[in-house]
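Subject: Structure handover and notes

Hello,

Please find the structure below. My notes on it follow.

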Amino acid sequence: NHRSHAHYLAKGGDLSAMIAEFYCKATGCSHGRGGSMHLIDKKVGHYGSSAIVGGGISHGVGAALASKLLNKHFITVVFLGDAASEEGVFFESLNLAMLKKVPVLFVCENNRYSVCSPIKVRQANDCIAMRARAFDMPAETVDGMNFFNVIESAGKAIDHVRRTRTPYFLEYNVQRWRAHAGAGDPLRQQYRLPEDISELEATDPLKELESFILDEGIASEEHLDEVRTDIEQKIEEAFVFAQSSPLPEDGSLDKNLFV
């Protein structure tokens, strides 16, 4: 992905190692070489993120092609935004993925904005899944603000890629919660359409999931509070670990370079 903090943690990545990488410390998951935007941890199957918009798309197809050539049973998942679908590498990668029949799942998180530009002023057709179908790739558009829709569609897509060893494309229509940058600055929200803001106030998939958990008796409010407290404690501990960790050794700047 382009910025893959949550993706790395979802893959089972180490929270302390991730925060240490933010500080460019030797204990970071990229040993201080990557920083916030270049996380890599092959132990958990996270083969790197790219700071270039759309850059990870071709990386993912390459990883899927490698797994096919090496007769591995991995599948690759590539995350991208709607703006990344406007890069030339997007079309090249989808074409190559179908041409070589590689096991890759493309997941587009479509929040309808590229920085401050709404998709309707950038695209003649705002259905991104349609572009995948142009390459005869199975594709589906899903409400990404509904937890259960996401789980169901992801399971279906992953099963398809694992079973057929061929590509699949998921487009999740989602809502941008905060501004592109400077999340605490209300002036940066002025580009938002009024209907976007009202929709945002009405839809919160995490709160809806929490209500479902409580209504169905899956967990109590006390248990959820314990989970939140545990998470907050782990975050605090991760920052303490990162701040107290050593920087990479002097003279090791050229370590791990290919050239």
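Helices (H or I, at least four residues) and strands (E, at least two) are DSSP runs, numbered from the N terminus. This is a predicted model, in which local features need pLDDT of at least 70 and side-chain atom pairs count only at pLDDT 80 or more, while totals for chains, interfaces and linings use all residues. Residues are numbered from 1 along each chain as its sequence is written, and side-chain values use heavy atoms, with hydrogens and water left out.

Helix H9

Valine 227 sits in helix H9. This helix covers residues 221–244, and its 24 residues should span 34 Å at 1.5 Å a residue; the end C-alpha atoms are 35 Å apart, which agrees. The expected span is 1.5 Å times one less than the number of residues.

For accessibility I use three classes: buried is under 20% relative accessible area, exposed is over 50%, and partly exposed is in between (1.4 Å probe, protein chains only). Leu224, Ala238 and Ala242 are the buried residues of H9. They pack against helix H2 (15–22) and helix H8 (205–215), where contact means heavy atoms within 4.5 Å.

Alanine 242 has a relative accessible area of 0%, so it counts as buried. Leaving out residues up to four places away in sequence, alanine 242 touches Ile19, Ala20, Tyr23 and Lys25.

Valine 227 is partly exposed because its relative accessibility is 34%. Together with Tyr23, Ile231, Ile235 and Phe239, Val227 makes a nonpolar surface patch of about 380 Å². Patches are made of residues with over 30% relative accessible area and no salt bridge; like charges are joined within 9 Å, and nonpolar side chains (Val, Leu, Ile, Met, Phe, Trp, Tyr) within 5 Å. Accessible areas come from the Shrake-Rupley method with a 1.4 Å probe, and for residues only the protein chains shown count as cover.

Salt bridges

Side chains of opposite charge can pair when their charged atoms come close. The criterion for a salt bridge is a side-chain nitrogen of Lys or Arg within 4 Å of a carboxyl oxygen of Asp or Glu. The structure holds nine of them.

Arginine 228 pairs with glutamate 210, with the closest N and O atoms 2.9 Å apart. Arginine 228 lies in helix H9 and glutamate 210 in helix H8, so this pair ties together parts that are 18 residues apart in sequence. Both ends are partly exposed, arginine 228 at 31% and glutamate 210 at 27%. A network of salt bridges links Glu210, Glu221, Asp225 and Arg228.

Aspartate 230 and lysine 234 also meet in a salt bridge, at 2.7 Å from N to O. These two are four residues apart in helix H9, which means a separation of about one helical turn. Aspartate 230 is partly exposed at 36%, as is lysine 234 at 43%.

Lysine 43 bridges to aspartate 41, with 3.1 Å between the closest N and O atoms. Lysine 43 is exposed, with a relative accessible area of 76%, whereas aspartate 41 is buried at 8%.

Helix H3

Helix H3 (residues 55–69) has 15 residues and reaches 22 Å from its first C-alpha to its last, close to the 21 Å expected. Its buried residues are Gly55, Gly56, Ile57, Gly60, Val61, Ala64 and Ser67. They pack against strand S1 (76–81), helix H4 (88–100) and strand S2 (104–110). After H3 comes asparagine 71, with a positive phi near 60°.

Serine 153

Serine 153 belongs to helix H6 (residues 147–164) and is buried, with a relative accessible area of 4%. A polar atom of the serine 153 side chain lies 2.7 Å from the backbone oxygen of asparagine 149. Leaving out residues up to four places away in sequence, serine 153 touches Glu140, Val142, Leu170 and Tyr172.

Positive phi in loops

Lysine 101 has a positive phi near 50°; its place is the loop between H4 and S2, and at 38% it is partly exposed. Aspartate 136 has a positive phi near 60°. Aspartate 136 lies in the loop between helix H5 (129–133) and strand S5 (139–143) and is exposed, with a relative accessible area of 66%.

Regards

Terms used
A polar contact is a pair of N or O atoms within 3.5 Å; within protein, one must be able to donate a hydrogen and the other to accept it, and residues adjacent in sequence count only if both atoms are side-chain atoms.
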